[in-house]
Amino acid sequence: MKITELQINNFGKFHQKKIAVHPGLNVIYGDNETGKSTLHQFITGMLFGMEKQRGRAGKNDAYQQYEPWNSSSYYAGAMRFQVDGKSFRIERNFYHKEKTATLKNELDGEELSVTHGDMEMLLGGMKKSTYENTYCIRQAAVETGKEFSGILQNYFVNASHTGDSDVNLTGAQKKLKTKQRELEQSYRKEWEERKSACEKLQLAGEIAKKDLKQLEQQLEQLKAEGYQTQILWQNPEGIPMENETNPMAEFLQQEQGERQERRCKRGKGIFGGVTLVSAILAGSRLVGKGLAAAISPIFFIEILLLIAGVIGVIYFQKQEEHLRRERKAKEEANRGLRGQKEEIEEKEWTKKQAVVQMLNQQKIEKSSLLSNLTEEIEETGKKSEKEQELERQIAACQLALQMLQKISENVYEDTREQLEGEISGILYSLTGGKYDRITLDDDMNLVVCQEGRTLYPWQLSRGTMEQMYLALRLGAGRFFTQEEPLPVLLDEAFASFDEKRLESALKWLAAQPEQIFLFTCQKREVELLDRNAIPYGKIWLQNI
């Protein structure tokens, strides 16, 4: 790709500016604050677009940094460029509320689609992040970004495996790790829920065991009592009471009643005898002497004895009858008490049988519940199908990550050797042959070999270190743009170079097929180019 013209409609401090561009080396000269970084960002924006960040990230993003000074809503520009001998023109409106991009083939007038990837195709599939880590070198940023080693590994692996370096190995690893974390969180949630359910079942099982043990103890206690139907009816002193219905009490009560009846019979007999004697004596006196002669004190006594005898007989007759009725009532009462006792005993037995039956039924239910809980605990203790599936998915992610890691760690030597050869050639030219071999370790760190020693960039001078990183960037950039080389943007990249290093760098850059944009605030680059009669394009920002 060769940029032929830049048209800045409204971008940062520039308004309605048109800049013609040399197809080879271009020197953009200007003092500080004249717009070198603005022009640098404009070229990058025209190639890949610009996105306005949100939140805190939007305060210092490139979109806000280079918003037009006079009108933020009119934020646009255009660029002409050539690819494979064909001329194209792209126009972009960067304003985030009305963002547009139009791409046109100026040879046949065909309109292409930026949205559907036509611009990316013309860029050889280069991504913005890859471009910024290779060909887009900003001021004081010669060292590659943190993601650069991942980009290189991704390129090596996929270029060797599939021939397609656009597959994002680093992104795939990140996605797999994110997916694995999500799966592990889901698995943890399922496991905690199952653990909680198991603990609840175990608690219910312990309660069921305790209840079952209490039921067994109650049944054992009833069994120890014999489930007896006979009960000793006596008071604590062991003395039979009248209302008690044991045989001894009944016997004594019967004897007492018979004795009373015999006493009544004896009394009735005595009074009956007295009455009879008195009646005989009184009758004989009346017959023998007549009524008048019979009336005497003795006769009155005999009459009184007769009356007393009759009264005594009547009394004892009634007493005997009373005792007989009372004994009969007691006998009937005793028979009733015996029936009542039997009824009470039967009810008590029935009640105890009901209690025993209830306890046995509860025991059966508790045993069944405990058995069911034991089975549920055993079943709950097993991993669910969902947990097993999550485990399989986690294992799959781990296996995929291991494979990707293994692939990353075992980068194919032929691809890496090609890059190391490219970098070594560039470094050789930049250093005037001082360093002729540079390699990459497994972490994509630069390692230079000198006189049998292995040195990392930070072990060398600042100028040499920047030469190494420049060689790495340009060499990696060529790997990513094998079909169509892209413009190289160097913003004060040689600030630490002495004159000798700078002269070697300029000679090498002028001979390269890539279009070079060298942004500088010093005139020594121009002086060296003029001294060595190297052709270049001059862009003086003070005159724009």
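**Note on salt bridges, surface and cavity in a predicted model**

1. The side chains of arginine 194 and glutamate 387 meet in a salt bridge, at 2.7 Å from N to O. A salt bridge here is a side-chain nitrogen of Lys or Arg within 4 Å of a carboxyl oxygen of Asp or Glu. This pair links distant parts of the chain, 193 residues apart: arginine 194 belongs to helix α6 (residues 169–225) and glutamate 387 to helix α9 (residues 385–409). Helices (H or I, at least four residues) and strands (E, at least two) are DSSP runs, numbered from the N terminus.

2. On the basis of the values: this is a predicted model, in which local features need pLDDT of at least 70 and side-chain atom pairs count only at pLDDT 80 or more, while totals for chains, interfaces and linings use all residues. Residues are numbered from 1 along each chain as its sequence is written, and side-chain values use heavy atoms, with hydrogens and water left out.

3. Buried means under 20% relative accessible area, exposed over 50%, and partly exposed in between (1.4 Å probe, protein chains only). In the protein, buried residues make up 38% of the 544 residues.

4. The structure holds 17 salt bridges. Another of them joins the side chains of arginine 80 and glutamate 5, at 2.7 Å from N to O. Arginine 80 lies in strand β4 (residues 76–83) and glutamate 5 in strand β1 (residues 2–11), so the pair ties together parts that are 75 residues apart in sequence. Arginine 80 is partly exposed, at 26% relative accessibility, whereas glutamate 5 is buried, at 19%.

5. A further salt bridge, between the side chains of lysine 507 and glutamate 503, has an N to O distance of 3.5 Å. Both residues lie in helix α12 (residues 499–510); because they are 4 residues apart there, about one helical turn separates them. Lysine 507 is partly exposed at 42% relative accessible area, and glutamate 503 is partly exposed at 22%. Elsewhere, salt bridges that share partners join Glu5, Arg80 and Glu106 into one network.

6. For the fold as a whole, the secondary structure comes to 13 helices and 14 strands. Among contacts (heavy atoms within 4.5 Å) between residues at least 6 apart in sequence, 68% join residues at least 24 apart.

7. The accessible surface of the protein comes to about 31,500 Å², and 51% of this belongs to carbon and sulfur atoms. Accessible areas come from the Shrake-Rupley method with a 1.4 Å probe; for residues, only the protein chains shown count as cover.

8. Leu304, Ile307 and Ile311 form a nonpolar patch on the surface, with about 300 Å² of accessible area together. Such patches are made of residues with over 30% relative accessible area and no salt bridge, with nonpolar side chains (Val, Leu, Ile, Met, Phe, Trp, Tyr) joined within 5 Å and like charges within 9 Å. Isoleucine 307 lies in helix α8 (residues 297–380) and is partly exposed at 42%.

9. The structure holds 1 cavity of 30 Å³ or more. A cavity is a set of points, on a 1 Å grid over the protein atoms alone, where a 1.4 Å probe fits but cannot get out; lining residues have an atom within 4 Å of a point. Grid points are joined across faces, edges and corners, and a volume is the space filled by probe spheres set on the points. Among the residues lining the largest cavity are Leu474, Arg478, Trp508 and Leu509. Helices α11 (462–480) and α12 each supply at least two residues of this lining.

Key: 1 Å grid on protein atoms, 1.4 Å probe; cavity = no way out; pocket = protein on both sides within 12 Å on 5 of 7 lines; lining within 4 Å.
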